Amino acid sequence: MLTMKPILSPSSLSTISPLFPKFLLSPSPHHTHQTLILPTIKTPKFPILRRPFCSYKSSMEALRSARSGEVHVIIGPMFAGKTTALLRRVQSESDNGRNIAIIKSDKDSRYGLDSIVTHDGAKLPCWALPDLSSFRQKIGKDAYNKIDVIGIDEAQFFEDLYDFCCKAADYDGKTVIVAGLDGDYLRRRFGSVLDIIPLADSVTKLTARCEICGKRAFFTLRKTTETKTELIGGADVYMPVCRQHYVNGQVAVEAARTVLESKNVDFDTCIEIK
Ligand SMILES: [Zn+2]
C-alpha cells in the first residue's frame, strides 16, 4: 500500500516557484515539520493533504494564484497500465511535497468506491463522483484551494472533463493529470478524453500486450455481442489486441451477432477469439 509523504516543506517551495520570497523558505520557529497529512487507505474520507503552515496562508494563496497550471493526459487501451502511470505520477508529486487529490467515476465500482487500485496492487484513496463539477463543492472551497495536483482516472466517464480541466489549470493553477480511454471498443472517441488534447502540456499513449500474439496492443476488443458503448467489465469482457487481431476479432464478434440475431436470440454472448 502506498502512503503519502510530507507536504510543502520549505525545500519543496524552492522547486515550486523561483518567485517565492527567500525569507519564507526558512523554517518557522513556531512550526515543526509535519508529515503524513493525507489519510491512508484506511481513512479515505478526506483524501486531501492538510497544510500545516497556517501562518503562511496568505502568502501561499498568493503563490498559488501566481502559479500556472498544467494538464497531462495518459491514454491507451484497457490493460495498458494507465491507472498505474497515473498513480505513479501523483505519488511522485506528493513525494515532492505537493497536495494531491484523486477523482474517479462512481460508475466503475469494481474495486470499491473509496480507493483506486491498479493491477499490481497499488492503492490510493480517492473521490468517486458522478461528475467533476461537483468536486469543489464536495470537498469545500478551502480544501480545494489547498490542492496542487488533481488526478482523474477513467476520465472517459466524465462529460464535463473539458470545462473542469480548463478551469483547474488555467484559472486555479492546478496540475491536472488525466488517465482514460481514448477510444471505445469500436475505436471511436470515448467521452471527452480527446477533447482535452488541445489543453494538454503532454500526452502519453500507452500500449498493452496483444492477448493473442503478444505484440504491442493499441486497441480494446470487446469479446461479447453487447453493443452499448458503456459496458463496465474487466478481462471477462475485454482484451487488448494488436491491429491484426482487432480486425479478426471484430469479424468473429460480428459473425456471432448476426447468427444470434437471425435466430432471434436476445442475450449477450461471449465469443471465444483466437
Ligand atoms: Zn495480436
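**Exercise 1. The buried side of helix α6**

Task: In this predicted model, determine which residues of α6 are buried and what they pack against.

Solution. 
Step 1. List the buried positions. In α6, the buried residues are Leu161, Phe164, Cys165, Ala168 and Ala169.

Step 2. Consider their directions. Around the helix axis they cover an arc of only 105°, so they lie on the same side of α6. An α-helix has 3.6 residues a turn, so residues three or four places apart point the same way.

Step 3. Identify the packing partners. The buried residues of α6 pack against β1, β6 and β7.

Step 4. Look just beyond the helix. Gly173 follows α6 and has a positive phi, near 70°.

**Exercise 2. The order of the sheet**

Solution. 
Step 1. Read the order across the sheet.

Step 2. Take one pair in detail. Strand β1 (residues 70-75) pairs with β8 in the parallel sense over four bridges. Within this pairing, Ile75 stands opposite Lys205 of β8.

**Exercise 3. The largest nonpolar core**

Task: State which residues of the largest nonpolar core touch the most other members, and which element gives the largest share of the core.

Solution. 
Step 1. Name the residues. The core has 52 residues, and those touching the most other members are Ile102, Ile103, Cys165, Val176 and Val178.

Step 2. Find the main contributor. Helix α6 supplies the largest share of this core, five residues.

Step 3. Check the domains. Domain 1 (35-206) and domain 2 (216-262) each give at least three residues to this core.

Step 4. Relate one residue to Exercise 1. Cys165 is among the buried residues of α6.

**Exercise 4. Two residues and their surroundings**

Task: Decide whether Met78 is buried or exposed, do likewise for His245, and name the residues that each touches.

Solution. 
Step 1. Locate Met78. This residue is in the loop between β1 and α3.

Step 2. Apply the cut-off of 20 or more neighbours. Met78 has 20 C-beta neighbours inside 10 Å and therefore counts as buried.

Step 3. List its contacts. Leaving aside residues up to four places away in sequence, Met78 touches Leu181, Thr220, Tyr238 and Pro240. Met78 and Thr220 are 142 residues apart in sequence, yet their C-alpha atoms are 5.9 Å apart.

Step 4. Turn to His245, which lies in helix α7 (residues 243-262). With 21 C-beta neighbours inside 10 Å, His245 counts as buried.

Step 5. List the contacts of His245. With residues up to four places away in sequence left out, His245 touches Cys210, Ile212 and Cys213. From C-alpha to C-alpha, His245 and Glu211 are 9.0 Å apart, with a sequence separation of 34 residues.

How values were computed: Residues numbered from 1 in each chain as written. Predicted model: local features only at pLDDT ≥ 70, side-chain atom pairs only at ≥ 80, totals over all residues. Pairing = 2+ DSSP bridges. Helix = DSSP H or I, 4+ residues; strand = E, 2+ residues; numbered from the N terminus. Core = buried A, V, L, I, M, F, W, Y, C linked by C-beta atoms within 7 Å. Buried ≥ 20, exposed ≤ 12 C-beta atoms within 10 Å, placed from the backbone. Domains from an automatic or database assignment. Contact = placed C-beta atoms within 7 Å. Arc of directions from axis to C-beta.
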